[in-house]
Amino acid sequence: MSAADTADEELVRTLFDEHAGPLYGYVLRLTGDSGRAEDVVQETLLRAWRHPDALAGRPVRAWLFTVARNLVVDQHRAKKARPQETGDEALAVLPADDELERAVESWAVAEALAALRPEHREVLLEVYYRGRSVKEASATLGIPAGTVKSRTYYALRALKLALEERGLAP
Amino acid sequence: MTCEEVRIALGAHALGALDPEEALEVDHHLATCEACGAELVELEGVGSFLGKVSERDVELVASPPRRVLDRLLNDRVKRARRGRILMAVAASAAVLVVGGTVWTAIQARSVMETSSSAQAPAVAQSANPESRAQQDQGSALVAPLSSEEPSRSPEARSQPSKSPASRSQTADKADEEPAEKAEGQADTAATRQPGEGREFPGVNKAEQYRATVLALPSDTGTELGVQVGGVPVGTVCRLVVVAADGRREETPTWVVSRQSYQDNTVFRQDTTLALREIVRFEVVDQTGRLLVNVPVPEDARK
């Protein structure tokens with residue numbers, strides 16, 4: 001494998017590692033179909049790989065979400081009528097509207113949560129998403145109540161950092 | 001309660017998970033401690049982000065399907081290599097099926113040139129710079145998903161008089177800008193390096209048969225790819241490679257089928273003759289009747 005091939009592969013892996021999760025979540029919510037979502041994510045990342053210049057100097061995540069959204073829209077149209085060809089360039093200049101911005105943000109939040117250490121994520125899932133009290137979470141997780149409290153505290157602290165890393169300041 | 005005790009409970013408090021008694025105690029402390037109060041506000045701010053996503057969202061983000069990565073890596077390899085494979089004609093199979101734009105683009109161009117060169121005896125020359133460009137663009141002239149192909153190639157073929165610009169647009173819309181680049185380079189490609197692959201078109205005007213031979217120097221001679229057009233389905237073809245000193249080498253036969261037209265099949269052949277020795281290729285039928293003469297211009301033999 002040549003150096004160029006290796007660099008190529010690195011880029012593909014990096015794109016996947018950094019964006020596939022939130023992108024997949026977003027597209028799956030749009031399509032409701034995991035197979036189609038996978039196809040769209042693949043095509044979107046492929047376009048990003050093929051057009052590194054299109055990504056330069058703009059928020060990558062918003063670009064990816066825009067491309068993905070338009071692929072989903074195109075697919076939808078294609079099912080109803082003859083597919084309309086849309087070039088990458090046209091996709092890339094579509095303005096990111098509020099809905100898209102919100103989507104980028106909430107998927108970054110999900111990403112920040114997913115990036116937490118497992119015990120931090122776990123305690124937040126119990127205490128916040130499942131609405132358990134400290135006592136209940138302690139029983140569910142099999143850890144002392146004091147540990148639930150301290151973990152919740154450190155989990156929120158860690159989440160704050162993870163959000164800030166993604167440009168989301170609480 | 002000390003500040004330390006309160007702090008550690010503030011996370012759970014911010015999320016409303018403390019039992020009522022403890023919550024009261026904490027609130028009591030907060031009423032008089034500004035620092036702890038500020039910390040609670042901060043933690044509540046963080047907590048407010050939790051409402052933007054669901055538990056399922058977090059799961060999805062944490063586990064994007066790995067097969068997408070596998071497919072991407074495969075696809076990347078295919079796209080990066082397809083051009084090279086075509087030029088190298090490296091497959092060991094006797095028939096190389098290329099469902100991609102690369103070959104189709106060559107073919108469309110050849111048709112265009114051969115039809116526009118009725119008055120000029122420059123059929124082969126006119127295509128030379130493009131074979132050079134084709135080689136240079138090996139990795140850029142990548143084929144899109146082959147499923148896009150059928151709708152595109154008939155159009156390219158049926159409108160040979162289309163301007164190069166509009167045609168390249170058609171051919172490359174969904175992919176990159178190879179043809180544009182290729183044509184841009186075609187204007188300036190005055191010199192060619194030895195050892196690179198070349199493409200030679202030929203046409204039998206009387207019969208409207210066409211052939212394109214792709215040649216790439218190899219260790220043992222020259223690797224060839226042949227594609228024919230207009231030749232009736234069912235015709236048994238053979239390629240005769242003619243050297244400057246009169247030597248002739250015949251390749252094994254292949255049969256033109258409807259499928260081979262649909263798939264843009266490139267028939268893979270070999271010759272022990274070196275590219276610089278070859279003056280022409282002849283596509284002949286079973287009986288040795290000449291179907292298409294494919295001349296090799298002098299500059300390809302340098």
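UniProt positions are given in the numbering used here, feature names are shortened, and annotations may be inferred rather than shown by experiment. This is a predicted model, in which local features need pLDDT of at least 70 and side-chain atom pairs count only at pLDDT 80 or more, while totals for chains, interfaces and linings use all residues. Residues are numbered from 1 along each chain as its sequence is written, and chains are lettered from A in the order in which they are written.

**View 1. The annotated segment of chain B.** An unreviewed UniProt entry lists residues 3-36 of chain B as "domain: Putative zinc-finger".

**View 2. Helix α7 of chain A and its surroundings.** Within α7 (residues 118-129), the buried residues (20 or more other C-beta atoms, placed from the backbone, within 10 Å of their own) include A:His120, A:Val123, A:Leu124 and A:Val127. The buried residues of α7(A) pack against α6, α8 and α9 of chain A, together with α1 (3-14) and α3 (34-50) of chain B. Just after α7(A), A:Gly131 takes a positive phi of about 60°.

**View 3. The contact between chains A and B.** Chain A gives 47 residues and chain B 37 residues to the contact, two residues being in contact if their C-beta atoms, placed from the backbone, lie within 7 Å. Among the elements of chain A that give two or more residues to this side are α1 (3-31), α2 (34-50) and α7.

Conventions:
A residue is buried if 20 or more other C-beta atoms lie within 10 Å of its own, exposed if 12 or fewer, and partly exposed in between; C-beta atoms are placed from the backbone. Helices (H or I, at least four residues) and strands (E, at least two) are DSSP runs, numbered from the N terminus.
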